[in-house]
Amino acid sequence: MNATTRRQAIINYALLVFFCFIALFPIFGVFIASVYPSGSQPSSFKLPSHFAFHNFVTAWTQGDFSMYFRSSAIVAVSVVVLATGLSVLGGYAFGTMRFRGSKVLFYTFILGLIIPTEATIVSLYYDIRSLNLIDTWTALILVEVSGAVAFGVFWMRAAFLSAPRSLLEAARIDGASTWQIMWRIMIPFGWPAILTLMVLTFADSWNEFFLALVLTTSNQHLTAPAGLQVFSGKYVTNTPLIAAGAVIVALPVVMVFLLLQRQFIRGVLTGAVKG
Amino acid sequence: MATVEFRKVTKHFDEVSALSEFSLDIHDGEFMVFVGPSGSGKTTALRLVAGLEAITSGEILIGEREVNRVAPRDRDIAMVFQDYALYPQMTVEQNMAFGLKMRKTPKAEIARRVQETAATLGIEELLQRKPRALSGGQRQRAALGRAMVRQPEVFLMDEPLSNLDAKLRVQTRSEIKQLHKQVGNTTVYVTHDQVEAMTMGDRVAVMSEGVLAQVGDARSVYEEPANVFVAGFIGSPSMAFVTMNVTRADGTAILSRGEVRLETAARVLLPDEVIVGVRPEHARIWHEGADLVGPVNGTVEYVEMLGRETLIGVGLPGGARLVAQAAPDLLIDVGGSVAIGIEPGRMYLFDPATERSMGRL
């Protein structure tokens with residue numbers, strides 16, 4: 001290794017460590033705060049004298065997190081299943097078929113990525129109310145699916161476009177129908193991208209706060225992040241307990257990512273390598 | 001088995017014409033090679049037979065049936081792609097069985113045919129491997145196997161050897177030819193490699209800019225090129241061309257260009273100007289008493305020692321060039337002068353206006 005390469009490596013590592021620190025410090029801070037004795041004033045820079053792991057049990061029971069988790073699980077799983085299914089169908093059509101108006105239609109989908117939820121929330125609220133869906137999981141699921149499909153179609157189109165066209169053509173000659181080509185050839189080919197999409201959609205849906213706050217009125221239908229808001233309102237001075245609640249809420253997403261990280265990274269790289 | 005017939009087939013991609021009024025009969029059981037440079041329309045013609053592109057006008061018949069609007073899966077064809085297009089998530093066995101499964105062939109029959117085809121190709125031990133675990137040559141065989149197992153009426157092959165190294169390519173092309181002899185299916189094979197075309201094809205269709213330039217067996221295409229394009233494209237090294245003036249006198253034709261002057265018996269009727277084409281193997285170092293037309297004096301521009309022979313690039317006065325073939329032990333310096341003679345009857349003549357062949361002198 002010559003001097004220039006060595007210096008470059010040092011700079012690269014220094015930058016990576018710096019950004020890792022920026023990303024991980026708040027998470028570390030929240031976790032440390034969550035194990036301070038209940039009612040004490042935590043510090044992110046200092047470990048507590050003893051670890052109060054019991055805070056998690058207290059937060060779970062007192063914050064009704066089992067109820068919020070149930071809501072979140074119902075919403076997130078439904079959103080993942082519906083959004084992934086629709087995104088695969090949309091992405092397959094845009095990525096493998098030539099049809100009139102496909103460009104216009106695709107850019108219409110992309111609009112969903114550009115327009116923020118905050119811009120449409122008021123009209124959305126009235127629409128949902130007119131459908132008698134306020135304070136239902138259905139409302140949350142429908143609105144979140146519509147948002148997730150915008151990104152999902154964009155993502156799956158790119159994944160299917162990276163498949164060699166000859167694969168589709170070989171399958172057509174082999175006698176496969178459009179539907180069979182999707183099931184038997186393209187979905188297995190795009191599986192890493194589909195898994196990545198599922199992880200991203202799950203994380204997005206699980207962390208959704210704003211919609212749950214606006215579209216639900218009872219605690220029964222609140223999702224975990226919105227429930228955490230209610231919980232932190234009750235224990236406004238008890239930082240360790242609030243931090244324990246935050247850790248509980250964040251845990252499922254972290255676990256899903258840890259379980260699927262290899263496939264997630266492969267999925268992200270699929271488009272990057274094949275262009 | 002079946003014939004394949006193109007009847008005035010035209011294909012446009014938006015404003016670009018990829019194939020123009022293309023007509024050709026491919027006989028039952030024939031190995032037909034489409035050869036031509038990039039953009040000549042050879043792959044388009046193949047894809048039209050496969051049904052992967054729609055015809056703009058004209059008709060394609062497989063057997064007696066017009067297939068213009070028939071879906072690829074109903075054409076009873078199989079295709080080997082340039083990149084092999086093996087399904088990456090499936091084993092070789094599953095790849096081979098896929099087409100039969102889609103056609104609802106009974107399981108026992110699928111297993112029997114896959115085993116039989118694998119044995120023919122010598123790929124039994126590869127059946128449980130996925131494409132990523134195969135070398136280029138093995139992938140090529142697996143792709144051939146996938147096509148063969150279907151026992152289609154027509155085989156279509158789109159430059160299937162172009163991703164193989166030179167040695168494997170030579171080996172595989174003779175194997176494909178051998179397989180064709182065994183199976184006997186009508187085969188349409190696309191390549192840009194004229195050596196591949198000449199060695200494999202029962203007949204060769206030379207294509208240029210979407211038009212069929214000439215069709216015939218390898219010998220006729222080589223010996224009697226229909227035009228300047230075919231003469232230049234077929235043969236390696238290429239035929240050299242020189243435009244010359246013609247003077248006729250007493251049954252003799254004198255071809256001249258600047259200081260270059262060739263006198264030969266006028267066996268064909270010639271206009272005032274012709275394009276003269278000479279293949280390297282017909283141009284040799286001049287020596288007195290040789291049965292050659294010439295001499296033509298020029299300067300040695302380059303010398304290529306190929307082992308079995310030596311090629312000499314000769315610059316003629318006035319800027320024209322010839323390539324001559326010489327014995328491998330010939331010692332000659334670049335920049336020196338050299339006299340070349342041409343075998344009688346081996347000067348190919350073309351009309352400068354139409355570039356069509358006018359025979360040989």
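Where chains A and B meet, 14 residues of chain A are in contact with 17 residues of chain B, contact being C-beta atoms, placed from the backbone, within 7 Å. On the chain A side, the elements giving two or more residues are helix H7 (165-174) and helix H8 (178-189), and H7(A) supplies the largest share, seven residues. Sorted by class, that side has eight nonpolar, three polar and three charged residues. Here Ala, Val, Leu, Ile, Met, Phe, Trp, Tyr, Cys and Pro count as nonpolar, Asp, Glu, Lys and Arg as charged, and the others, Gly among them, as polar. Helices (H or I, at least four residues) and strands (E, at least two) are DSSP runs, numbered from the N terminus.

A word on the source: this is a predicted model, with local features needing pLDDT of at least 70 and side-chain atom pairs pLDDT 80 or more, while totals for chains, interfaces and linings use all residues. Residues are numbered from 1 along each chain as its sequence is written, and chains are lettered from A in the order in which they are written.

Over in chain B, two lysines have backbone angles to look at. B:Lys8, in strand E1 (residues 4-13), has a positive phi of about 45° although it is not a glycine. B:Lys104 sits in the loop between helix H2 (92-102) and helix H3 (107-121) of chain B, and its phi is positive too, about 55°. B:Lys8 counts as exposed because it has 11 C-beta neighbours inside 10 Å; B:Lys104, with 8, also counts as exposed.

Terms used. Contact = placed C-beta atoms within 7 Å. Buried ≥ 20, exposed ≤ 12 C-beta atoms within 10 Å, placed from the backbone.
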